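Please keep the view open as you read.

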Amino acid sequence: MDLSTLLLMRHEGILLLITLLLLGADLFMPAGKRSSLVHLALLLFGLHTALGFLPMEESSLFGGMFRSTPLIYFFKNALNIGVFILLLQSADWVKEKILQQQRGAEFFLLLFFSLLGMYFMISAGDFLMFYIGLELSTLPLAALAAYEIGKRQSSEAGIKLVLSAGLASGVSLFGISMLYATTGSIYFEAIIGVLSSSPLAILGMLLFFAGLAFKISLVPFHFWTADVYEGSPIPVASFLSVISKGAAVFILMILLFTVLKPLMPVWENLVYGLALLTMFVGNLFALRQQNMKRFLAFSSVAQAGFILLGLITGSQLGTATVVYFVLIYIFSNLAAFGVVQAISLQTGKENMDDYEGLYRTNPLLSLVMLLALFSLAGIPPVAGFFGKFFLFTAAASEGYYLLVFLAVVNATISLYYYLLVVRAMFVRKGEHPVPYFRNAGYMRLGLAITVIGILVLGLYSPLYDYIFELSAALK
Amino acid sequence: MIPGISITEVLTLSSILFFIGVYGFMTRTNLISVLISVELILNASVINFVMINKYLFPELLQGVVYSIFIIAVAAAETALAVAIIFNLYKQVSSVAVRETETMKY
């Protein structure tokens, strides 16, 4: 093996290097200059994001344990952009709330390790690498959820996340062991050839699916979602709902479309049922939420239901639409969480009632929120509409007309509760509106990037063609 | 191979362990017990991997290697969970699920 082949792990290598550099900087930084840690982390990660776009070839490493295809690179870059926006939005929070307590670098370290785990998870070529990547991405997140040590809710969120993630990965492992029993291998390449729909294989697939469904928070496995989002710090909730969910959707899609393809008659029905259940339950619970974090949590559960519409097809079209939708979802949800973060940082308010009259005091901020919510709801001029529309097209092209119809009904229900927030911001006057404030530079930059993403991604069609082209390799 | 024991019996044992774990996770009211239940589930799959490897596919060591990694990761998970439980105990002076829970629905 030539050492230059290790360059195929460029994303992982650079991210690990950044993490170690930050650890060193944390040790040797004089106490008065700790706020420069934030700038350093942003600079390094920005460089990493830019370097990620350099072209790379398609290959596999370590006897097939680590695969890299253009689609995987593309998705890693999408995750990078998401994390970069997230860092911009959380920079002030880290500076004001965390660095005061002589902490701060751990936030970046844990976040980057979690991202590293996602890299390994999405380029896994066998179940061992997949499992290690999954755990490496989950455990730092549980630590992050419990990051605000003094707050009881934060600890509660951490323990809920770590215990349910443990249960999920345990169930998933039990399923993998059954797949191993039927096929005699843990390598995806070897499994594809020999997997047949024996009862043991089906049971293994079901248990395995349940484990990943926890990560994506599909409905019977969504109970941790709202509590963890509410208790954990907003940047962490935002990471959980956007980056973590995106990576899990991506690997689930790869596994269903390649390794578990022989079981498609079974998982088709499973995905059908879960999609309906997830959309309806997510939407109906979102209707009654007052806390913005819980509200966004249930809205993200419902969005996961829409994503399943693309997964059910098992085709190149399905792959392309899911990746495209996740990309748009990253921008829209980060914009919504960014506004919640900005308001919470300035005033400590997180309830929907507190947003009343926001348009009169902070017009720009409320316009960003409006765009984000329209994109999540899927209203035509913004990107979210095209994402949803393509997902529906993919499902309809396989003949799932009833499912598409019910999904449209759900999109209408979701419009209602997204508009509740819009009404609070624009129509209601409110007795104590949030006073006018000016965001710091990083936050404004972060919100600006998301707004550009929401406005441009939907109208820039070469992007979709490019994703569609990349998806051909998976089929 | 263990003489006198077939793979059916071993897999029955691991399945029973798995379901005890799931049942414990649902019903226990103490955070430490919940954590132990999670460990039971993980160990059930460790037994599965080792035994399937030994009985069905003895020529390669994939299952055994997998089980070593599961044990290592489970240790990390336990350490993290216990650390969070400590922190929660400092604030609530209890590890009962009911008393630590404030967020619902």
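This is a predicted model: local features need pLDDT of at least 70, side-chain atom pairs count only at pLDDT 80 or more; totals for chains, interfaces and linings use all residues.

Residues are numbered from 1 along each chain as its sequence is written, and chains are lettered from A and ligands numbered from 1 in the order in which they are written.

Two packed helices are described by the angle between their axes and the distance between the axes. Here the axes come within 7 Å and cross at roughly 40°; they are lines fitted to C-alpha atoms over the stretch in contact, with angles running from 0 to 180 degrees between N-to-C directions. The crossing is left-handed, meaning that the near helix is turned anticlockwise from the far one by less than a right angle.

The table shows who makes the contact (C-beta atoms, placed from the backbone, within 7 Å).

| Helix | Residue range | Residues in the contact |
|---|---|---|
| H12(A) | residues 292-311 | A:Phe306, A:Leu309, A:Gly310 |
| H16(A) | residues 383-397 | A:Lys388, A:Leu391, A:Phe392, A:Ala394, A:Ala395 |

By class, this contact has six nonpolar, one polar and one charged residues.

## Chain A as a whole

Chain A has 19 helices and two strands, taken as DSSP runs (H or I, at least four residues, for helices; E, at least two, for strands) and numbered from the N terminus. With a radius of gyration of 21 Å, close to the 23 Å that the globule rule gives for 475 residues, chain A is as compact as a globular protein of that length. The radius is taken over C-alpha atoms, and the rule is 2.2 Å times the number of residues to the power 0.38. Of the 475 residues, 60% count as buried, that is, with 20 or more other C-beta atoms within 10 Å of their own.

## Where chain A meets chain B

How many residues does each chain bring to the contact? Chain A gives 32 residues and chain B gives 35 residues. On the chain A side, H6(A) gives the most, with 17 residues.

In chain B, B:Leu11 lies in helix H1 (residues 7-27) and is buried, with 20 other C-beta atoms within 10 Å.

Technical notes. Two residues are in contact if their C-beta atoms, placed from the backbone, lie within 7 Å. A residue is buried if 20 or more other C-beta atoms lie within 10 Å of its own, exposed if 12 or fewer, and partly exposed in between; C-beta atoms are placed from the backbone. Ala, Val, Leu, Ile, Met, Phe, Trp, Tyr, Cys and Pro count as nonpolar, Asp, Glu, Lys and Arg as charged, and the others, Gly among them, as polar.
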